[in-house]
Amino acid sequence: MILVTGRTSLQVLAHSRQAAVGVLTCELQVDVLVEELKGLLAGHLPPRRAEHTPQQLMTAPHLRVAGIVPGASMPRRTAHREIDHDGLQRAARELLRALGADVEDEGLEETPRRVAAAYSELLTPRPFRATTFPNEGYDELIVARAIPFHSLCMHHLLPFQGVAHIGYLPGESLIGLSKLGRVVELFARDLQIQEQLTTQIADWLDEELEPKGVGVVLEAEHLCMSLRGVQKQGAKTVTSALHGLVRDDARTRQEFLALTTRTSHDH
Ligand code: ZN
């Protein structure tokens, strides 16, 4: 679903429900070294998993050792991009030249280096441990609203930025709310289109948490639209991906959409 609206406000990070805030405060950071983990897992692995690497094992959401679900240091399905920093600087210099700029100008001297650094940062996600923990019977939607993000439009290499609303109906695993922002960033630091970013976040949560349902809504302003006069400034593009019961169960879907669209109507 894609919808363009004329809203201009940016929202601050807020946890919408008492229960969700409770989950956040319960989150435990469990650091397990790969080598220790291998040892721990040696006796517990189903045979079909035996050929997998420790990294893959660490991302397996169903794998439990003493009640702990080990998280991955770097989740799967991220773009393994090699950034050529020297090439990027040369290209930035060429771009300036092609734009008719005097690349010998003192003011532009450092620009290729700065451009290279900026694009490198925008396209390099930070590794994180996607710590999950067992769900002790929490059976309601968990929603994090208005998580700020920025990304880079693959069609124009211009930024788009806005907020992500993420909700899931937990199965056997929970993830810390603070990690939801890191998941968004993981896929946002890429050459992106908003629709793809939305589904990548939803798919990742599906795979890592095996929840009963997932909903992701992104609202973003694209500089390639607002600067070029196609849409008036402040126009937001809204994309959504609803999976499982968040899509199929009318009550859950309504609850998710009410919680995630409420921020927009508050302003
Ligand atoms: Zn664009």
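**Figure 1. Thr237 in strand E9 of the predicted model.** Strand E9 covers residues 236-244 and contains Thr237. With 19 other C-beta atoms within 10 Å, Thr237 is classed as partly exposed, because a residue counts as buried if 20 or more such atoms lie within that distance. The C-alpha atom of Thr237 is 9.2 Å from that of Gly162, although 75 residues separate Thr237 and Gly162 in sequence.

**Figure 2. The hairpin of strands E4 and E5.** Strand E4 comprises residues 142-153 and strand E5 residues 159-169; E4 and E5 pair in the antiparallel sense over nine bridges. Within this pairing, Ile147 stands opposite Ala164 of E5. Five residues lie between E4 and E5 in the hairpin, and Leu157 in the turn has a positive phi of about 55°. In a regular strand the side chains alternate between the two faces of the sheet.

**Figure 3. The parallel pairing of E4 and E7.** Strand E7, residues 191-192, runs parallel to E4 and is joined to E4 by two bridges. Cys153 has Gln192 of E7 as its bridge partner.

**Figure 4. The largest nonpolar core and the contribution of helix H6.** The largest nonpolar core contains 40 residues. The residues with the most contacts inside this core are Ile147, Leu180, Val184, Ile201, Leu205 and Val216. Helix H6, residues 177-188, supplies the largest share of the core, namely seven residues. The buried residues in H6 are Leu177, Lys179, Leu180, Val183, Val184, Leu186, Phe187 and Ala188. The end C-alpha atoms of H6 are 17 Å apart, which agrees with the 16 Å that its twelve residues should span at 1.5 Å a residue.

**Figure 5. The surroundings of Leu205.** Leu205 is among the residues with the most contacts inside the largest nonpolar core. Apart from its neighbours within four places in sequence, Leu205 is in contact with Tyr168, Val183, Pro211 and Val214.

**Figure 6. Ala202 in helix H7.** Helix H7 spans residues 194-209 and includes Ala202. Ala202 is buried, since 23 other C-beta atoms lie within 10 Å. When its neighbours within four places in sequence are set aside, Ala202 is in contact with Val214, Val216, Ala241 and His243. Ala202 and Val214 are twelve residues apart along the chain, and their C-alpha atoms are separated by 6.3 Å. Another of these partners, Val216, is listed among the residues with the most contacts inside the largest nonpolar core.

How values were computed. Residues numbered from 1 in each chain as written. Predicted model: local features only at pLDDT ≥ 70, side-chain atom pairs only at ≥ 80, totals over all residues. Core = buried A, V, L, I, M, F, W, Y, C linked by C-beta atoms within 7 Å. Buried ≥ 20, exposed ≤ 12 C-beta atoms within 10 Å, placed from the backbone. Helix = DSSP H or I, 4+ residues; strand = E, 2+ residues; numbered from the N terminus. Contact = placed C-beta atoms within 7 Å. Expected span 1.5 Å × (residues − 1). Pairing = 2+ DSSP bridges.
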